[in-house]
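Open the model in your viewer and keep the selection tool at hand. The stops below say what to select next and what is there.

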Amino acid sequence: MKTPVYFFYVLFILVYKIAWTQEGMPLNSNYLIENGISPKVLDAAASELLQEGSFIQNLKFNIKTKNYNKDYKTQIIYDPSFKDGKDLRFVIENKAFTKKEINELKKAIEKSHKMSRLSRSNLYDEASLKLLEASDGNQILTFKYSKNDIQPELNDIKKLRGKIYINQGVLEKVVLINDKVLSERKDNYIKTVYYKQIDGQKGYIVTEVKETYNIKEVEYNMYFKTSEYKDLSNNTISWSGKSEIQDFFNPSTQKDTVNVTLGWVLPIWGKPATKLGYGLPRPIGLNAIVHNQESKLDFTGLGIGFNDEVLTPLDNLFDIEGSFLTEKTTTYMVRSDVWIFPFFNVMGFLGRLDNSINGNLILDQELRQTLVDLAPFLGLNPADIPSQLPLNVEVSANLYGAGATLAGSVDDIFFSANYQFVIADVQEANTTTLVHSLLPLLGYRLPYDFNIMVGALGQFYDSDIKGFIETDTGDILNYNVSFEPIVWNGLVGIYKGFGKHWDLLFQVGFGGRKTTTVQFGYRF
């Protein structure tokens, strides 16, 4: 049986397409750059607000269900200099919307245009950029947006695949289609973004956007058309096919303007700080922390008493100055924090503490000699009289507290001062301890988001521990232990950021108190 001729034809076409797709692959470049197109146009496809200038868009949209079909129109105004680019305004004709519809429109515009002022440039994945078709000077490229380092407000673009249409070296449009269901259950999503190249100027602006999608059984169709665009110097840009603002609304109808807040409100004064060149972290963080420390504590006093009795000092029974405790502590905490201002952060945390205390209470030499002398009369072996009493105690505590950080930087040098107060509820000992800590740090930023730092850790707390223990007989044994705490120890550490979401911190303490701290966090 002979192989059909069409089989060879199909095979030839496949081989040709594979070879043709690989042919002409730019060296040390990519297809966008070869056509003189900045990758920023793909940022603008993800969100028109990532364009550099200010603009006015005329928006017509339709909402359709089985029992409802209504058309609306509004005008969107975006100016990055207005309230530091954190607000967007839309204009509607008076009485064209009910109060409920205005609120719904406000929410819809906020969600569809929401952005972060921390968004980086070149959001697309350069490795995904491929030539799909090419004929008669026309090119169609495919791409996807990066899976990493994307602001939470733009997370939906990770689920989009795009096509770039270029005609004779001029960008015409970008079409985005969803591979997965988007947030709020948006599906069947298609967004077509049209561009114009400005005469006498390089670069492109977005002139039209068509966007359609479904949410369950509701169909949304939106059509944006740019009616005004100004560059960063506030110069008005003209292009062919430009529509006039006054052609959109009825001139005799009164209009209302509504503000919509975009992106994070925090940190306050964040936009001016970024304009000055400061790299700001994301405003909200969630961290898991493990802290270990070991220190030697010297006794200064010891007293006990039963029930309501006055505590009896035991200083004369023991060599207090020669006695000591070794304290080992492991702390597990979850901490959340918020940057209120670019230089001011507040935090709250809760956790668990496991504490092990080991040491010896050395008997007073005169007391021990007296006990040795009396041992035969008491039926004891003098060799059994100890010179010291071992003290081995393991306790745990629930922790909670709050704190604040002041921070700043000059070029690559940064500094911070962190204050925290921690309440430790030690259930086994029926006592509560309040600890104040102060952590000043000085650091230097290295390439690849590495930071090194040096500083000190100060811990300030009541050196008198008071509590009680209930005995098997029902009596209450009250106690008061006094010791000399170690206040300060030195610190060195390193910080590594992984994109703008994840980070890892490792610190080691030295001096009278040995510490290690590991912190793993996520910012959003």
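**Aromatic pairs**

The structure holds 12 aromatic pairs; rings of Phe, Tyr and Trp (its six-membered ring) pair if their centres lie within 6.5 Å, and planes under 30 degrees apart count as stacked, over 60 as edge-to-face and the rest as tilted. This is a predicted model, in which local features need pLDDT of at least 70 and side-chain atom pairs count only at pLDDT 80 or more, while totals for chains, interfaces and linings use all residues. Residues are numbered from 1 along each chain as its sequence is written, and side-chain values use heavy atoms, with hydrogens and water left out.

Select F61 and Y72. Their ring centres are 5.0 Å apart and their planes lie at 15°, so the pair is stacked. F61 belongs to strand β1 and Y72 to strand β2, so the pair ties together parts that are 11 residues apart in sequence. Helices (H or I, at least four residues) and strands (E, at least two) are DSSP runs, numbered from the N terminus. F61 is buried at a relative accessible area of 10%, and Y72 is buried at 9%. Buried means under 20% relative accessible area, exposed over 50%, and partly exposed in between (1.4 Å probe, protein chains only).

Go next to F143 and Y145. Here the ring centres are 5.2 Å apart and the planes are at 85°, so the pair is edge-to-face. F143 has 2% relative accessibility and counts as buried; Y145, at 1%, also counts as buried. For a cluster of rings, select F55, Y78 and Y229.

**The open sheet**

Which strands make up the open sheet, and in what order? There are 11 of them, in the order β4-β5-β6-β7-β8-β9-β10-β1-β2-β3-β11, with antiparallel pairing. Two strands pair if DSSP finds at least two bridges between them. The edges are β4 and β11 (255-261); each has a single partner strand, so one side of each is left without a neighbour in the sheet. From one strand to the next, the twist averages 20°.

Now select helix α4 (residues 99-113), which packs on the sheet and touches β1 (54-64), β2 (69-78), β3 (87-93), β10 (218-230) and β11. Contact means heavy atoms within 4.5 Å. The direction of α4 makes about 140° with that of β3; axes are lines fitted to C-alpha atoms, for helices over the stretch in contact, and angles run from 0 to 180 degrees between N-to-C directions.

Start along the strands at β4 (residues 130-135), which is joined to β5 (residues 138-144) by 5 bridges in an antiparallel run. L131 stands opposite L141 in β5. The two strands form a hairpin with 2 residues between them, and D136 in the turn has a positive phi of about 50°. On to β6 (residues 160-167): β5 pairs with β6 over 7 bridges, antiparallel, and Q139 stands opposite I166.

Then move to β3. Of its 7 residues, 6 are buried, so β3 is largely enclosed by the rest of the structure. β2 and β3 share 3 bridges in the antiparallel sense, with Q75 opposite V91. Between β3 and β11 there are 7 bridges, again antiparallel, and I92 faces D256 in β11.

**Nonpolar cores**

Select L42, F143, Y145, I164, L171, V174 and Y195. These have the most contacts inside the largest nonpolar core, which has 56 residues. A nonpolar core is a set of buried Ala, Val, Leu, Ile, Met, Phe, Trp, Tyr and Cys residues joined through side-chain atoms within 4.5 Å. Leaving aside neighbours within four places in sequence, L42 is in contact with L32, Y124, F143, Y145, I164 and V174. Another core, of 11 residues, lies apart from that one; I289, F349, L353 and A397 are among its members.

**A glycine in β23**

Select G509, in strand β23 (residues 502-510). Is G509 buried or exposed? G509 is buried, at a relative accessible area of 6%. G490 is 19 residues away in sequence, and the C-alpha atoms of G509 and G490 are 5.4 Å apart. Not counting residues up to four places away in sequence, G509 touches N489, G490, L491, K514 and T515.

**Whole chain and confidence**

Zoom out. The protein chain has 6 helices and 24 strands, and 39% of its 524 residues count as buried. Colour by pLDDT, the predictor's confidence in each residue, from 0 to 100. The mean for the protein chain is 83, and 81% of residues reach 70 or more. Over residues 15-23 the pLDDT is below 50, and this stretch has 5 contacts in the model beyond near neighbours in sequence. Where pLDDT is low, the predicted coordinates should not be read in detail.
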